[in-house]
Amino acid sequence: MPANVGDIYSVFSVELQQYVACQVTHIQPPRTPRGKPLAAVLQLDWLGDALPDAAAASRMQPLRYSYYFVRNRLDHGYVTANVPPDHVFIANLPPLVEDEVHTYKFGWDTGASMARQRSWQQIDPARRKQFRAASGGNKVIVGGHVFKQDATRINDSILDAVKDLSELDLLPCLMTIETAKGTPELMAYIRQHPFINELHWQSSTVTEIDVSAMHLQRFVLQPDGVTRVRLNSGLQLFSLTATPSPQLQVEQAEQGRDLSLQCGEEMPVLQGLDRLGALSLTGVRELDLAPVVERFPHLRELRLWGKPGMARNLRSIAQLPQLQMLTTFDVFGFGADEFPSPEQLPNLASLWMTSLPADVAKAVKTAYKKAAAQGLDLSISKPRKPEWLAENLHNPFRDWDGREQISAAQAKKAALAYKNLLAATRAIDAGMPAAEAAAALDAMVTAYTEDFNKMERSGIIETVEREEIYAVLADVLVQLETELGGQGPALVQQERLYELFDQLRDF
């Protein structure tokens, strides 16, 4: 259903467990022939246990939020103009805000700003005043390092340098801690500091982790050796950077209802989170979706990122009655007849599929055309024929095909550079003299770098591409060193080759 200026909608917020409301204030026409109209959506300062009526809508006012570094700001930005199916029309009234909008958002909000405001207000007023009083113009010394007083992030370089964790109190705006040397003392410190809302944790000594009394929004965990985790309410993202032990017990009062679990390659076999709301699997190679659906039947969001990946039993997602968002990228292995129909996914509000089988892309566009007209946020792009998959299954530059500044011919050149790089490593074995191996590796890195220097003359290599070119080289060298066994470090000499790469590259 297309939005109209003045429309007020209400939707149930799972996070708040109440209804929230918003108003459409502007409609922006498509800027390109294939573009879509956008709607400027204003969040309203209203909460209710039931849907509001027109009388209640007439009394609503814009939500103005003030938390952390934000003061008296509207939650107001452009989203797709199609109204999600779960948003209920209440009334059409003159827009509460007429000023032009310059902000763009990912999607129609469902109370996130309201929830953050509520969380901020629950923090001790004295602490909030101290946070707001911190100024970037003032400098403090923590662990021998000079910081702006309103610095928000530290890592082990600071934690190793401080004599006592209380030194961190000189940073009243500290919000993120990254550590690979977690200790019980650090956990205790974080528990007493409610502004710390993001934690990247690894520890060789702590096997049971309890963050239930913290105010975390993001928790990134290296789970090796961890047997039990207690999560806090209000946590938005729980990311596992490695495959956990099957015995890992994860506890949360809401059982993951408002949580997004992010993992690599495959679904983790963990205990708990039985009402998980969102699951993201990255780097997928082989995935059977039937056990995913059986394990987490309450999913509202499912994101699958292949490498590329082959998915089986895709039709099983029809057994996720609450599914609102499905995103796939570089996922193959299924046919058009396996994809659920719109009738099987009645609550689906967003369907984004990028780099998928061409026959599936065509069939889904046709099947979901009516749903898109009624409000589904539908994006189907980069349909791939079987020939593409055969050529790109192991091509780390496959994402270049279709990028705005990169032609198909340039994407093929990048793929060829990778194939040549890989072929060169096969000529190196553990029995080679060190000087011969060094010469072969120098020639390999030189040829690889020059291939991309030629492409840079067309101006296609930007920051993301530069990092990808380096990452591919690093992965190949690590793989080669591993394959050569005990002789690997002496023959490959990775640091020397990275220096050569940096000296030669023009990008």
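Five elements each supply at least two residues of the lining of the second largest pocket: strand 21 (301–312), strand 22 (325–332), strand 23 (350–357), helix 8 (369–373) and strand 24 (377–384). Helices (H or I, at least four residues) and strands (E, at least two) are DSSP runs, numbered from the N terminus. The model is predicted: local features need pLDDT of at least 70, side-chain atom pairs count only at pLDDT 80 or more, and totals for chains, interfaces and linings use all residues. Residues are numbered from 1 along each chain as its sequence is written, and side-chain values use heavy atoms, with hydrogens and water left out.

Stay with this pocket. A pocket is an open set of points on a 1 Å grid over the protein atoms alone, with protein on both sides within 12 Å along at least five of seven lines; a cavity is a set of points where a 1.4 Å probe fits but cannot get out; lining residues have an atom within 4 Å of a point. The second largest pocket has a volume of about 900 Å³. Its lining counts 26 residues, and K36, L378, S379, I380 and S381 are the closest to its centre. Strand 24 gives the largest share of the lining, 6 residues. By class, 13 lining residues are nonpolar, 7 polar and 6 charged. Here Ala, Val, Leu, Ile, Met, Phe, Trp, Tyr, Cys and Pro count as nonpolar, Asp, Glu, Lys and Arg as charged, and the others, Gly among them, as polar. For volumes, grid points are joined across faces, edges and corners, and the volume is the space filled by probe spheres set on the points.

Some of the backbone in this region deserves a look. Most residues other than glycine have a negative phi, and most peptide bonds are trans. P308 is found in strand 21. The peptide bond from K307 to P308 is cis, with omega near -15°. N313 lies in the loop between strand 21 and strand 22. N313 is not a glycine, yet its phi is positive, about 60°. N313 is partly exposed, at 32% relative accessible area. S355, in strand 23, also is not a glycine and has a positive phi of about 60°. S355 counts as buried because its relative accessibility is 1%. Buried means under 20% relative accessible area, exposed over 50%, and partly exposed in between (1.4 Å probe, protein chains only).

Now turn to the cavity. A search of the whole structure finds 1 cavity of 30 Å³ or more. About 50 Å³ of space lies in the largest cavity. Strand 2 (18–28), strand 3 (38–48) and helix 2 (112–121) each give two or more residues to its lining. Helix 2 provides the largest share, 3 residues. The lining includes V20, L44, D75, D109 and M114. It divides into 6 nonpolar, 3 polar and 2 charged residues.

Next come the strand pairings. Strands of a sheet pair through backbone hydrogen bonds, either parallel or antiparallel. Two strands pair if DSSP finds at least two bridges between them. Strand 8 (residues 139–142) and strand 9 (residues 145–148) run antiparallel, joined by 4 bridges. K139 has K148 in strand 9 as its bridge partner. The two strands form a hairpin with 2 residues between them, and G143 in the turn has a positive phi of about 60°.

Further along, 4 strands form an open sheet with parallel pairing, in the order 13-15-17-19. Strand 13 (208–210) and strand 19 (271–272) are the edge strands, and each pairs on one side only. Within the sheet, 3 bridges join strand 15 (residues 228–230) to strand 17 (residues 249–251). R230 has E251 in strand 17 as its bridge partner.

Helix 12 (residues 463–483) has 21 residues and reaches 31 Å from its first C-alpha to its last. That is close to the 30 Å expected at 1.5 Å a residue, where the expected span is 1.5 Å times one less than the number of residues. Its buried residues are E465, I469, V472, L473, A474, V476, L477 and L480. What covers them includes helix 10 (408–425), helix 11 (434–456), helix 13 (488–492) and helix 14 (494–504), with contact meaning heavy atoms within 4.5 Å. G485 follows helix 12 and has a positive phi, near 65°. A440 sits in helix 11. A440 is partly exposed, with a relative accessible area of 31%.
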